[in-house]
Amino acid sequence: MTTTPQQAHQWMWAAHEALRSGRTREAAQVYARAVEVFAAAADRAGEGEARANLGQALLALGHHDAARTELSSALALAQLTDSAPLEAAVASALGALHLDHGDPAAAAPLLQRALVLAEAGGVRQRAGGARLGLASLHRDRGELDLAAALVAVAQGDAAATWDERLGFAAEAARAGLDLEEGDARSALARWVALAGRTRGPEEEAARWSGLGSARLAVLVVEGGSVEPSRDALEAAWQGFADLQDPLGTAACRRRLVVVEALLGDRDEASSHLLEARALVGAHPVQRAALAVAEGHLAVLDRQAALRRGDVEALTNAELRLADALAAATPWERRSARVRGARRLLVAHAPVRSEG
């Protein structure tokens, strides 16, 4: 019996629910079946929607090359069928993917196009989401005033439409800007205030991750107890693992490298680093951030070498620390994530003169 496009649309509703519930792999399989049905029926609009959904599910699973292929096909189909809402959504997702991989030049026209289409559509929630995507571009470029202006308008969009998800995303973006501006205390206060405002498991995992990151930034500069940061990051790690999100999981474990290094537990820090490496694969920005995180192990080794008076081990640790700091250099104008990792390392590393 031939499956009809109408049945494929029903499948996609079920897949949406699976995706919201964290059953990402199941959702991806259903979207892929829907793509086949729509393609066989020459239903270009349905195929574009299914490919867009499949691309998002593949992104969540960490299959970025496959996601890029599906989203690029969905964008072409959206333009072919003159579907402005779908084109805006796909342009935003594809732009965010390029940005995540440290390619702001490729991301910029897509994110700008998404905002133009969203504003033309007159739906403030969509326009607010597009503004946040473009704000991420400016944040990665270090253009913080432009990013802050876009986030402020998005916060207004959320307030005017009573959109809780957009409000959460806008406040999370503002907290990220606080960290980028060096105000970890403000970022921490924002994440604390977001307690109880999550609508789903993705937001809850993001909240724990943001809370742990802000606590960690405060801790590295001001000192204090490591446990609150560790507890938040471990909660985020579990949340992303439940969602089958490898990159979210890896990001948490990368920050836990810093936590364990601050505690002086080299073995635990090394374990987190190895597991994170296995999760990120060839992702360029994540690999660069991990290379910087590895510098925290070099800091511990340098401290141990100083105590022992081991000149050879000290030299080796210094070279590894220099390599870790250098790993961030190509990303200084391309990724706020790698810049943030470098700031944590610089704050943790003892001054050179003690050798």
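A salt bridge here is a side-chain nitrogen of Lys or Arg within 4 Å of a carboxyl oxygen of Asp or Glu. Keep that in mind. This is a predicted model.

By that rule, the count comes to 28 salt bridges. Some join up. E171, R174, D178, E181 and R190 are linked in a network of salt bridges.

Start with E119 and R131. Their closest N and O atoms are 2.7 Å apart. E119 sits in helix α6 and R131 in helix α7, so this pair ties together parts 12 residues apart in sequence. E119 is partly exposed, at 43% relative accessibility. R131 is buried, at 12%.

Next, E294 and R277. Their closest N and O atoms are also 2.7 Å apart. This pair links distant parts of the chain: E294 is in helix α15, R277 in helix α14, 17 residues apart. E294 is partly exposed at 31%, and R277 is partly exposed at 35%.

R230 is buried at 18%. E227 is partly exposed at 35%.

Last topic: helix packing. How do α5 and α6 sit against each other? Helix α5, residues 84-100, packs on helix α6, residues 104-121, at about 155 degrees, with axes 8 Å apart. Angles over 145 degrees count as roughly antiparallel, so that is what these two helices are. The contact includes A88, A91 and L94 of α5, and L110, L111 and A114 of α6. By class, the contact has 14 nonpolar, three polar and two charged residues. The crossing of α5 past α6 is left-handed.

Key:
Residues are numbered from 1 along each chain as its sequence is written. This is a predicted model: local features need pLDDT of at least 70, side-chain atom pairs count only at pLDDT 80 or more; totals for chains, interfaces and linings use all residues. Side-chain values use heavy atoms; hydrogens and water are left out. Axes are lines fitted to C-alpha atoms, for helices over the stretch in contact, and angles run from 0 to 180 degrees between N-to-C directions. Helices (H or I, at least four residues) and strands (E, at least two) are DSSP runs, numbered from the N terminus. Angles under 35 degrees count as roughly parallel, over 145 as roughly antiparallel, 65 to 115 as roughly perpendicular and the rest as oblique. A crossing is left-handed if the near helix is turned anticlockwise from the far one by less than a right angle, and right-handed if clockwise. Contact means heavy atoms within 4.5 Å. Ala, Val, Leu, Ile, Met, Phe, Trp, Tyr, Cys and Pro count as nonpolar, Asp, Glu, Lys and Arg as charged, and the others, Gly among them, as polar. Buried means under 20% relative accessible area, exposed over 50%, partly exposed in between (1.4 Å probe, protein chains only).
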